[in-house]
Amino acid sequence: MNTITNVSRRSFLQGALSAGALVLSVRFVPEALWAADTPSGSRADQAALHPHVYVGVDTDGTVYIIAHRSEMGTTSRTSLPLVLAEELDADWSRVKVQQAIGDPRYGSQDTDGSHSIREFYEPMRQAGATARLMLLRAAAQQWGVPEAECATDPHVVVHKTSGKKAGYGELATAAATFPVPKKNELKFKPQSAWRYVGKGQASYDLEDICTGKAKFGMDARVEDMVYASIEHPPVLGGKLKSFDEKGPLLVKGVRQTVVIDPFTPPHHFQPLGGIAVIADNTWSAMKGRQKLKAVWDDGPHAVYNSDQYKKELQKAARQPAKAARNQGDVDTAFAQGGKVIEAEYYVPHLAHASMEPPVALADYRDGKVTIWASTQNPQAVQEVVSEKLGVPKENVTCHVPLLGGGFGRKSKPDYAAEAAILSKKVGRPVKVVWSREDDIRFDYYHTVSAMYMKAALGTDGLPTAWLQRSVFPSIGSTFNVNGTAAGAGELQQGWTDLPFNIPNMRAENSGAAAHLRIGWLRSVANIYHCFAAQSFADECAHAAGRDSLEYLLALIGPSRIVDVKKSAPDYPNYGGSLETYPIDTARYRHVIEVVAEKSGWGNKNLGKGQGMGIAVHRSFLTYVATVVQVEVNDQGELRIPRVDTAVDAGLIVNPEATRNQFEGAAVFGTSLARFGEITATHGVVDQSNFDSYPVSRMNEAPYRTNVYIVESSAPPAGVGEPGVPPFAPALCNAIFAATGKRVRELPLSRAKLGA
Amino acid sequence: MVQLKVNGVQRSFDGEPDMPLLWYLRDVLALTGTKFGCGMALCGACTVHQNGKAIRSCITTMQRAAGSEIRTIEDIAVNGLHPVQKSWMEVNVPQCGYCQSGQIMQAISLLNEKQKPTDEDIDDGMSGNICRCGTYQRIRAAIKAAGGERA
């Protein structure tokens, strides 16, 4: 099996390599050689079996590395190629990163779930080590010396005995004639020799971003393209009865209107349907659309009224529900008495509101479609476009420019399908631009949830029994018309994985009907589950008359591995094995202890209206403890002068990017805790832009967030999402410490914090 | 016919006079460094300079831009990186980067008015520019660093 190919002729590299150059390309993790060595069933395994991530070494020494994951601000486009460059022993300044098109042969490209580094760290370093060994062997043969006498310095192979050197570019042609080494032949660098991993590099696109040259999905252009603005049915599943296009057609620059058919349930990633106004520029399309007169049949979801729905959720949360985890005997323990406390929590729908609204450009010609989409999931673009246009998936080419934020919204490519449908109907390339109002009113929303909590405290103040119950419409409703019940993937997130050392514990859940499109939003179900559990832990501490942080450590109990499968057999552990990624209370304890020390917990003289709150959480296999400090004045105005957060995410490739993610998570957490609320009236979403759906501005965000990365020898875990969940409860616990007011419903803009 | 100067080049526009400058820059001139975020002057992603002052191009019609000098992010580094761009890179401000053209244009305008802005000045000057990734503390640090370099 020859895994070496001349990639200069392949579309993957888009002609980047010089013509006629002999180029080494390693198709990494060759299936026949290595498949037996990889654990089966994981996403890494899928990547290993469909290996088409490329590294190319050009004869001028330029190293091309394919980034196959989407870049939306988490630096996966920098950090994964950096892992490859490390083991290749490449000089990073001579590396060119090429963005992959959507292709299942890359393995998963769905850039969500905080798993880019976790799933692809190993494959990338194997690819780098493979290419390095082939270059080294080429040099050894050229010099007629044993391979063992050769080593590498950045971008050169060195003969240790004679001091002879040969650059990677000079060796590329010869190296390409060698067979791909077997995995057991590879030699990885010792950690002490690492130049990049653990030290990091600035984003590959940093200068382009700061000079306005970076190309985002919004910036895609092709010749002869036209622009579309789409009027969607105001209520999910609504259908067009009639419309009048006279108004739009009078607007200068408007060419035509095109009807997009409604979806067949379940909505999945299908377009919502509606009327597109096609014009010569974005403004004319938007202006024309305002003059459109449409009459809709709203359909069954017009019954959705958030005020009423909230009461129903809260009522359901007070009723017994299905146990997702059951340990000991909660009912008997409650019957034995103790100090019983109960509380109810509520978190509304949220919208993603990435700065770049959904946008895609599609060009349909002769049964083939080329798409430039701001997408976290280019293979899903291929799938939905293929399905909607009736063309084979291979005939759908999806380019992935930079994303102006994603947060989970852009894993759902409905807008890319809209562009493809329109291009086919119009006979030209069409760019679909969603307005901010479209983005807020037609999102795949974070769900809405009600939680009920009950504990019985023993004489030491610690719970003898703990019951928690959540009720929310599931993400499953997006994929299944009957998908009301929560999946294990949602329940694992801060519910069935509770690490507290309590003998009798039950985590319950019941489903609810969905009336909006429900989807993933940065850290997903962890947001509301963590808010309830970590707020309630603080309430228990207060009821027990104990310090919040000391009590939290006592709740977690001694260092141990939590045998979660025993009481929650369905627990999926974010797709990671429990052997590699156990629920380890020592790591919870450690991040709490670090943040306690760094934040000065218990040692600060806090004035009137000031307070500190703590929360700890494990999500996406990463452990995070966060302390928030607040000031609340008599008018109830809130300031967040300081946040301290300690992170154990295992091996960190890019520490600076990691700090950036956790600083950003504190702001994201501030937004959702202070302002985040989507509501509906008669099925129509009430919010539409940053006036009615505010997100944190500079003067509302934490003034300073300090991030402490814990040294860890554990395998890499996620960093994009895990900073979000503990923020809201830590903030509300701080507000309680400062004011004595317990916030059990978000957002805070609805609470009265004043004296 | 609207006459205006964009990045030093004289331009004339015979389209709809109520078209916002943003879409003229992006769709007609292909100056895509200036971004669309909200269309209502709520987020600042579209910030450009009109006669040296930061404005929101999404609500500035071509009529109102007539006769003025417009400068966009593309023109800032023509003679090498601007000190604000340099400090943005040193502090490693961006995450996704989409709002950063607008943030940088706003920061340059702020520093032109006040060389060494206080925290309050920075809050006042920058709170109209939203960053959903949450890079605010790095923006603040970069503005302070750039202010120091200019002093």
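## Close-up views of a predicted two-chain model

**View 1. Surroundings of A:H590.** Leaving aside residues up to four places away in sequence, A:H590 touches A:D648 and A:V710. The model shown here and in the views that follow is a predicted one. A:H590 has its place in helix 18 of chain A, which covers residues 585-599. Is A:H590 buried, partly exposed or exposed? A residue needs 20 or more other C-beta atoms within 10 Å to be called buried, and 12 or fewer to be called exposed; because A:H590 has 18 C-beta neighbours inside 10 Å, A:H590 counts as partly exposed. For a sense of distance, A:M451 lies 139 residues from A:H590 in sequence, and the C-alpha atoms of these two residues are 28 Å apart in space.

View 2. Strand 23 of chain A, made of residues 622-632, is mostly covered, since ten of its eleven residues are buried. With strand 22 of chain A (residues 610-619), strand 23 of chain A pairs in the antiparallel sense over ten bridges, and one of the pairs to look for is A:V616 with its bridge partner A:A625 in strand 23 of chain A. These two strands form a hairpin with two residues between them, and in the turn A:F620 has a positive phi of about 50°. Strand 23 of chain A also runs antiparallel to strand 24 of chain A (residues 638-648), to which nine bridges join it; here A:T626 stands opposite A:T645 in strand 24 of chain A. Strand 23 and strand 24 of chain A form a hairpin as well, with five residues between them, and A:G636 in that turn has a positive phi of about 85°.

**View 3. An open sheet of seven strands in chain A.** The strands of this open sheet follow the order 10-11-8-18-15-16-17 in chain A, and their pairing is mixed. Which strands lie at the edges? Strand 10 (254-260) and strand 17 (396-399) of chain A are the edge strands, each of which pairs on one side only. From one strand to the next, the twist averages 25°. Within the sheet, strand 15 (residues 359-365) and strand 18 (residues 430-433) of chain A pair in the antiparallel sense over four bridges, and A:L361 stands opposite A:K431 in strand 18 of chain A. Helix 12 of chain A, residues 414-426, packs on the sheet, where it touches strands including strand 8 (226-231), strand 11 (274-279) and strand 16 (368-373) of chain A; the direction of helix 12 makes about 35° with that of strand 15 of chain A.

**View 4. The buried side of helix 5 of chain A.** In helix 5 of chain A, which spans residues 168-175, the residues A:Y168, A:L171, A:A172 and A:A175 are buried. Why do they lie on the same side of helix 5 of chain A? They cover an arc of only 130° around the axis, and therefore they are on the same side of this helix. An α-helix has 3.6 residues a turn, so residues three or four places apart point the same way.

**View 5. Domains 2 and 3 of chain A.** The domain assignment divides chain A into domain 1 (7-210), domain 2 (217-300 + 358-433) and domain 3 (306-350 + 444-750). The centres of domain 2 and domain 3 of chain A, taken over C-alpha atoms, are separated by 37 Å. Their contact takes 13 residues from domain 2 of chain A and 14 residues from domain 3 of chain A. On the side of domain 2 of chain A that touches domain 3 of chain A, there are six nonpolar, four polar and three charged residues.

**View 6. The two domains of chain B.** Chain B is divided into domain 1 (2-75) and domain 2 (83-150), and the C-alpha centres of these two domains lie 21 Å apart. The contact between them takes 15 residues from domain 1 of chain B and twelve residues from domain 2 of chain B. On the side of domain 1 of chain B that touches domain 2 of chain B, strand 3 (47-50) and strand 4 (53-56) of chain B are the elements that give two or more residues, and strand 3 of chain B gives the most, with three residues.

**View 7. The contact between chain A and chain B.** Here 48 residues of chain A are in contact with 45 residues of chain B. Helix 6 (206-210), helix 8 (282-290) and helix 19 (655-674) of chain A each supply at least two residues of the side of chain A that touches chain B, and helix 19 of chain A gives the most, with seven residues. By class, this side of chain A has 20 nonpolar, 15 polar and 13 charged residues.

Notes
Residues are numbered from 1 along each chain as its sequence is written. Chains are lettered from A and ligands numbered from 1 in the order in which they are written. This is a predicted model: local features need pLDDT of at least 70, side-chain atom pairs count only at pLDDT 80 or more; totals for chains, interfaces and linings use all residues. Domain bounds come from an automatic or database domain assignment. Two residues are in contact if their C-beta atoms, placed from the backbone, lie within 7 Å. Two strands pair if DSSP finds at least two bridges between them. Axes are lines fitted to C-alpha atoms, for helices over the stretch in contact, and angles run from 0 to 180 degrees between N-to-C directions. Ala, Val, Leu, Ile, Met, Phe, Trp, Tyr, Cys and Pro count as nonpolar, Asp, Glu, Lys and Arg as charged, and the others, Gly among them, as polar. The arc is that of the directions from the helix axis to the C-beta atoms.
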